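Try each task before reading its solution.

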Amino acid sequence: MENDTKKFIIAIFAVGIFIGSIIGGIYVYSGVSPPFTVINSGSMQHSDESSIGTIDTGDMVIVKNPDYQEITTYVEGSKTDYSKFGEYGDVIIYRSGDRNIIHRAMLHMTLYETGTITQKWYIPELKNYDNWDIKSILGSVKSLYWDNENCILTVDISSTFYLTDVGYGDGEPSVNIFKLGIGKDVGYSGYLTKGDNAETNKTFDQNSSIHPELVTEEDIKSIAAVEIPWLGCIKLWVNDKNTDLIPENSITSLIIVFVVLISVIIALFAVSWYLDKKDERK
């Protein structure tokens, strides 16, 4: 019995070291404390059910320090075929007021020239990119307002910028870029951002109450790096927060994972016990 107790203690100690090593490695990889974030809304979901490879309510995500990698936007990603979590480009976590928002970086732009009637924006990502438009009371003015060679977009108060055929829902998010530049100095720059959900997040964050300004480098806290499906459901249950938004199949999947893990642990102890008894008989 004393021997069994020692082996049990050693096994627990080894498991503790193993888990501690994994957590320590995640901290080093992330460069952010804490290195995890739990998804508590459905703004990034691609359907009513959760899917591995997309960010769903109740998922946990390992995040990375933005100094560790350059952010690739949706537009850049569509040209280079770089995707993350089911769509082109990177997903960022940024601060808006008193909350953190986890949405996709769509397009980066820099205020090049400002004025009371028109503004000019430097947007190199749009060079030779077709899936966008800019419209005014005259209709599409893309051919008049866009200088493809110098990557300069001229806008006025009546013009609205659109990305077209966006994401799995072929969306058309829009924003009045001129309004984003009012009161800003030349050199002001940042990202247009958007949640992936084609039903609840049809437009840019900058065209809503989510974040009515560009997301600047200073706003960005981290970059979403690795999805851990369903595990964040536990935190939502404990905090009784947005549990009604958790997809039903996430709960089922989480229960299956725990049953499998417990079964594996029981099986390992059973095998160990059997081998010990076999040795005793010898």
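The protein chain exposes about 15600 Å², and carbon and sulfur atoms supply 57% of that area. Keep in mind that this is a predicted model.

**Exercise 1. Describe the overall build of the protein chain.**

Solution. 
- Step 1: take the secondary structure. The chain has six helices and 15 strands.
- Step 2: take the extent. Along the principal axes, the C-alpha trace spans about 90 × 35 × 35 Å.
- Step 3: check the radius of gyration. The protein chain has 25 Å, whereas a compact globule of 282 residues would have a value near 19 Å.
- Step 4: turn to burial. Of the 282 residues, 42% are buried.
- Step 5: Residues 24 or more positions apart account for 64% of them.

**Exercise 2. Find how far apart the mean positions of the positive and negative charges are.**

Solution. 
- Step 1: count the charges. There are 23 positive and 38 negative ones.
- Step 2: compare their mean positions. These are 7 Å apart.

**Exercise 3. Decide whether threonine 57 is buried or exposed, and list its partners.**

Solution. 
- Step 1: locate the residue. Threonine 57 sits in the loop between strand 1 (36-38) and strand 2 (60-64).
- Step 2: apply the cut-off. Buried means under 20% relative accessible area. Threonine 57 has 0%, so this residue is buried.
- Step 3: look beyond the neighbours within four places in sequence. Threonine 57 is in contact with several residues, among them Ile39, Asn40, Leu236, Asn242 and Pro247.
- Step 4: pick out the polar links.
- Step 5: Asparagine 197 is 140 residues from threonine 57 along the chain, and their C-alpha atoms are 12 Å apart.

**Exercise 4. Repeat the analysis for threonine 54: is this residue buried or exposed, and what does the side chain meet?**

Solution. 
- Step 1: locate the residue. Threonine 54 also lies in the loop between strand 1 and strand 2.
- Step 2: read the accessibility. Threonine 54 counts as buried because its relative accessibility is 9%.
- Step 3: find the polar partners. A polar atom of the threonine 54 side chain lies 3.1 Å from the backbone oxygen of serine 51. A polar contact of 3.3 Å joins the side chains of threonine 54 and aspartate 56.
- Step 4: set aside residues up to four places away in sequence. Threonine 54 then touches His46, Asp59, Phe85, Gly86 and Glu227.

Notes
Residues are numbered from 1 along each chain as its sequence is written. This is a predicted model: local features need pLDDT of at least 70, side-chain atom pairs count only at pLDDT 80 or more; totals for chains, interfaces and linings use all residues. Side-chain values use heavy atoms; hydrogens and water are left out. Helices (H or I, at least four residues) and strands (E, at least two) are DSSP runs, numbered from the N terminus. The radius of gyration is taken over C-alpha atoms; the globule rule is 2.2 Å times the number of residues to the power 0.38. Buried means under 20% relative accessible area, exposed over 50%, partly exposed in between (1.4 Å probe, protein chains only). Contact means heavy atoms within 4.5 Å. Accessible areas come from the Shrake-Rupley method with a 1.4 Å probe; for residues, only the protein chains shown count as cover. Lys and Arg count as positive and Asp and Glu as negative; His and the chain ends are not counted. The place of a charge is taken as NZ of Lys, CZ of Arg, CG of Asp or CD of Glu. A polar contact is a pair of N or O atoms within 3.5 Å; within protein, one must be able to donate a hydrogen and the other to accept it, and residues adjacent in sequence count only if both atoms are side-chain atoms.
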